[in-house]
Amino acid sequence: MTTFRKKTYQFILLSILAPLILLGCASNEVTVETTNPNFDHELYDGKATLGLNGDFPPASAAEAIARGDQAYRSKDTDLALYEYIRALNFPVQENIDQAYYKIGYIHQQRGNYELAQVAYNRAVIIKDDNIQYAAALGIIELKQGEQKNAEKQLLRAIRMDQQRFKNETWDPTKPDFVQQLKINQTSPLNAYIAYAVIKDLNARHTEAQALYQACLRINHKSRQALTNLGYSYYLSGDLKQAEVINRRATTIYQTDKRAWSNLGLVYIRSKRYSDALDALQNVMPVAEALNDIGYFTMLEGDYEASVSYLERAINASPTYYAKAHHNLKQAKKRQIASPPVKLTNKWGNEQSQATVYSVGN
């Protein structure tokens, strides 16, 4: 895989995480006085905590976690963080792994990946046999670019899942390892999808595609599996299948930016620039869509089209479009330095954006 494709893949990865299940906790923790609510904790990043909660302090870690769950369900994530962190201050540490996991999940939702990684890592240390914790840590490490650590954690989660099936034949080092997998509704699909992403990053596209397809057999509407599968086909050069899958994704998720962007990339590589513009305009202003086409056609070596679309991007923007102007300078430099590239854009009926692929079960 080229460096550009690796970077592009890393850039457009959609966030892959299974829904959080906020479970009630039961424990026999010792009742102690809580600390002053105006605390400064390394895992808290919300609003000032003084007066955040006017209720009586929790009597146990379990009560603090339950309060955090209630606050989370009420969409008050600052209060939820506050309560989960208060749970960490009790001397009896039963169920504290759950508090760390939930703290990590909130930070991941907020894009605070470093804090999420710290919290997930502590949950894993406390309970290293928890599939969900290993999967969450592996995903956040992948987002942080720590591919080797991520692969280790994701494989741990997958191995634990296969042990649940008593699947002794599964071996990730074998070419047919995907066919050996056993997956069902309770499997951590997010871990399998993230592991497939690593396969794509290593240019093992066939293996990645088999993993995405295995997940889609369990959840045929998985947004992450669909968009990643479509992009994997794009990376491997199978533009026909990439278009089919990406069109399916845009049909199911009509406002998903990544699905439409993936489809636009397929059309750009196919030299179907009008279709690419139609696709990208579904999720971005026309000036940005024109700039993206100009940028990617430049990377594909079609400098004539690149200059044309970047000039249109500058003209379409109501203000001075600095990004397009910068890209235009680069395109003109490459155009001068390289031999002319004349590419046909005659696709006949195939150029219609109206084609709608059927989405099967």
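This is a predicted model: local features need pLDDT of at least 70, side-chain atom pairs count only at pLDDT 80 or more; totals for chains, interfaces and linings use all residues.
Across the whole structure, the search returns seven aromatic pairs. One of them joins F177 and Y195 in an edge-to-face arrangement, with the ring centres 6.2 Å apart and the planes at 75 degrees. F177 belongs to helix α8 (residues 177-180) and Y195 to helix α9 (residues 189-201), so this pair ties together parts that lie 18 residues apart in sequence. F177 and Y195 are both buried.

Another edge-to-face pair is formed by Y295 and F296, where the centres are 5.3 Å apart and the planes again make an angle of 75 degrees. The surroundings of these two residues can be told apart by their accessibility. Y295 is partly exposed, at a relative accessible area of 31%. F296 has a relative accessibility of 16% and counts as buried, because the cut-off for that class is under 20%. Elsewhere, Y101, Y120 and Y133 are joined by ring pairs into a cluster.

Aromatic rings also meet charged side chains. R164 is placed over the face of F165, at a distance of 4.4 Å from the ring centre. In a further case, the charged end of R269 sits over the ring of Y234, 4.0 Å from the centre of that ring.

Helix α9, which carries Y195, also takes part in a helix packing. Helix α6 (residues 131-143) packs with α9 at an angle of about 30 degrees, and the two axes are 9 Å apart. The crossing of α6 past α9 is left-handed. On the α6 side, the contact is made by A135, I139 and L142, while α9 contributes N190, A191, A194, V197, I198 and L201. Sorted by class, this contact between α6 and α9 comprises eight nonpolar residues and one polar residue, with no charged residues.

With a relative accessible area of 1%, Y231 is buried. Y231 and R258 are separated by 27 residues in sequence, and their C-alpha atoms are 9.6 Å apart in space.

Terms used: Residues are numbered from 1 along each chain as its sequence is written. Side-chain values use heavy atoms; hydrogens and water are left out. Rings of Phe, Tyr and Trp (its six-membered ring) pair if their centres lie within 6.5 Å; planes under 30 degrees apart count as stacked, over 60 as edge-to-face and the rest as tilted. Helices (H or I, at least four residues) and strands (E, at least two) are DSSP runs, numbered from the N terminus. Buried means under 20% relative accessible area, exposed over 50%, partly exposed in between (1.4 Å probe, protein chains only). A charge sits over a ring if NZ of Lys or CZ of Arg is within 6 Å of the ring centre and within 35 degrees of the ring normal. Axes are lines fitted to C-alpha atoms, for helices over the stretch in contact, and angles run from 0 to 180 degrees between N-to-C directions. A crossing is left-handed if the near helix is turned anticlockwise from the far one by less than a right angle, and right-handed if clockwise. Contact means heavy atoms within 4.5 Å. Ala, Val, Leu, Ile, Met, Phe, Trp, Tyr, Cys and Pro count as nonpolar, Asp, Glu, Lys and Arg as charged, and the others, Gly among them, as polar.
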